[in-house]
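Please examine the model shown below.

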Amino acid sequence: MTPAARSGAPPAGRATVMAALGRGSVATGAAGAVVIVMAFLMLPIVALFTYQPLHSLLHGFGAKVATDAILVSLKTSAIAFAVVLTLGTPFAYILARRRFPGRTVVITLVEVPLVMPPAVAGLGLLVAFGRFGLLGHTLTALGIDLAFSQAAVVIAIIFVASPFYLRGAIAAFEAVDSTLLDVAGTLGAGPLRRMLRVAVPLASAGLGAAAAVAFARGIGEFGATILFAGSFQGTTQTLPLAVYALFDANLDQAIAIGVLLIIISAAILLCSKLLLRSWTISTSISRFPGAPSSFAPH
């Protein structure tokens, strides 16, 4: 008599039970991994939010060092953001729609700041635009002193944040149906009009998502800024620099500013995800064979 017969369970039934137990073990292991990872990622954030009473945290938001850092961060990030959008959008459109020798090299060079350590980026900006840098003598002769000024903060943000926008913008423009651009061309639209009236509206959600990520990266920029612009309250001290400056002097205040940065960054990332979802839906609709297009130039 076989073991299966002695146990009273048919072989097929035993295999089913073993398979169910295996699936249960996998599900339990996966759930455990999710819990461990989420706990590890969320514990520092929860610790920051609960380190001090809520009223003390809110009071820290309104301290002068915090308000000064907020103003500097918003001003410099807004200027840098405008420059990135104005110059980066047509640049990304050209890279997405054109194929030319050396295109891969150009895209790779655009992506280098993504993997460059922020401290190295700051050193590079300093030896390029500083008073004794590569362009220092020329800029000094023109009466321009960029290093350790608010303009240096803007340049540092542009340098570290623009690749995030460019990568997303290139992907967004590549997803636009080329047929629509060709049709617009046959209707008499020039290259600039095709970009503004057809490509940008169709890729708008993807461009918005890329812009949100770039803006969040710019708000959180630290390494390049402190080396190239310094940390002077009310002038070049952004929110991350204020956290660093207050770490030894006033830990409660530093944590309050850190919490404020987390809130701002989370809000920006949430907006980018909503825009990306909208972009995915709109792209799917635009590729539907019978879907009408409302972006043809008039």
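The questions below proceed from the whole chain to single residues.

This is a predicted model, in which local features need pLDDT of at least 70, side-chain atom pairs count only at pLDDT 80 or more, and totals for chains, interfaces and linings use all residues. Residues are numbered from 1 along each chain as its sequence is written, and side-chain values use heavy atoms, with hydrogens and water left out.

Q: How many helices and how many strands are there in the chain?
A: Helices (H or I, at least four residues) and strands (E, at least two) are DSSP runs, numbered from the N terminus. The chain holds 14 helices and 0 strands.

Q: What share of the 298 residues in the chain is buried?
A: A residue counts as buried under 20% relative accessible area, as exposed over 50% and as partly exposed in between (1.4 Å probe, protein chains only). For the 298 residues of the chain, the buried share is 35%.

Q: Are α5 and α8 parallel, antiparallel, perpendicular or oblique to each other?
A: The axes of α5 (residues 103–115) and α8 (residues 150–174) come within 7 Å and cross at roughly 135 degrees. Axes are lines fitted to C-alpha atoms, for helices over the stretch in contact, and angles run from 0 to 180 degrees between N-to-C directions. Angles under 35 degrees count as roughly parallel, over 145 as roughly antiparallel, 65 to 115 as roughly perpendicular and the rest as oblique. The relation of α5 and α8 is therefore oblique.

Q: Which residue's side chain is joined to that of R103 by a polar contact of 3.0 Å?
A: R103 lies in helix α5 and is buried, with a relative accessible area of 12%. A polar contact is a pair of N or O atoms within 3.5 Å; within protein, one must be able to donate a hydrogen and the other to accept it, and residues adjacent in sequence count only if both atoms are side-chain atoms. A polar atom of the R103 side chain lies 2.6 Å from the backbone oxygen of L95. The side-chain partner at 3.0 Å is E174.

Q: What is the phi of F148?
A: Most residues other than glycine have a negative phi. F148, in the loop between α7 (136–141) and α8, has a positive value, near 60 degrees.
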